[in-house]
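Dear colleague,

Please find below the structure for your review. My notes on its contents follow directly after it.

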Amino acid sequence: MTHAQDVIILRNGEELKGKVIEITLSEIKYKKTENLEGPLISIAKDDVYAIKYENGAIDLIKHTIDNAKEKKPEPNKVTTFLYGGGSFPISYFADKQGGSALTGYTVGVDVKIKTQGKLNFTYGFNYTRHPFKFEASPPNNYTLKGHFDIATLVVGLRYQTVSSRVQFYVGVLAGANFTSLRVKKNIGSAEALGFAFYPAMGIVKNKFTLGAKYLAANPRFRDFHNELLPVKALQLVVGLRL
């Protein structure tokens, strides 16, 4: 007497005949055709290529080994960061006989382009405003108030660790700088171009960033006694990863 049966086809080509009872995440359980009342026999799912059922249907078995080899989707290669925060003038830029700059604010955007490993290409645009108050020494005794508008366009490299929780980064960027000086009450104004150096460091967690940037530029005001004004500021920023 012939019994209908399932056929379990192993990856090595061997065939096992019986009745498939249960398929779990890691095992296939079956009973032998000649002993359907007997014990369940378990075989590792990764050893099985396919099951051909008694009704003719064929079930190809997907293996955890193959799953591990499947290509994982690549993370987004371009990441944009928006940020803003306080800008604190230092050195000659803050000196009362120098730039006389006061605490200001900064906003900007950084774009990171993922390359090989942890080193990434990055570029960005930054706008910073610093008010100033210049008080002339006696016997002149006058006060000038206004603000500096500082725009920088920079490119560079950014090193960022890879972690599912907190990522640390260090960036070195450089580029062009445009600085505008405006004195209140229409007393005067001046514009200057220069070179900008803009290193940064900080952390990224989920979609939020916290960091510090150092702005160093050397605009020369040709319409203002051809004066070279070293612009230096420490910036503390928070941001959002888009």
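**Burial, strand pairing and cavities**

Of the 242 residues in the protein chain, 35% are buried (under 20% relative accessible area with a 1.4 Å probe, protein chains only). The model is predicted: local features need pLDDT of at least 70, side-chain atom pairs count only at pLDDT 80 or more, and totals for chains, interfaces and linings use all residues. Residues are numbered from 1 along each chain as its sequence is written, and side-chain values use heavy atoms, with hydrogens and water left out.

Strand S7 (residues 78-89) runs antiparallel to strand S8 (residues 104-114), joined by ten bridges; strands pair if DSSP finds at least two bridges between them. Within this pairing, Ser87 stands opposite Gly104. S7 is also joined by nine bridges to the antiparallel strand S17 (residues 231-241), where Val238 faces Gly84.

The search of the whole structure returned two cavities of 30 Å³ or more (sets of points on a 1 Å grid over the protein atoms alone where a 1.4 Å probe fits but cannot get out; lining residues have an atom within 4 Å of a point). The volume, namely the space filled by probe spheres set on the points, is about 90 Å³ for the largest cavity. Its lining includes Tyr83, Asp110 and Arg158, and S11 supplies the largest share, three residues. The second largest cavity holds about 70 Å³; among its lining residues are Phe81, Thr209 and Val237.

Terms used: Helices (H or I, at least four residues) and strands (E, at least two) are DSSP runs, numbered from the N terminus. Buried means under 20% relative accessible area, exposed over 50%, partly exposed in between (1.4 Å probe, protein chains only). On a 1 Å grid over the protein atoms alone, a cavity is a set of points where a 1.4 Å probe fits but cannot get out, and a pocket is an open set with protein on both sides within 12 Å along at least five of seven lines; lining residues have an atom within 4 Å of a point.
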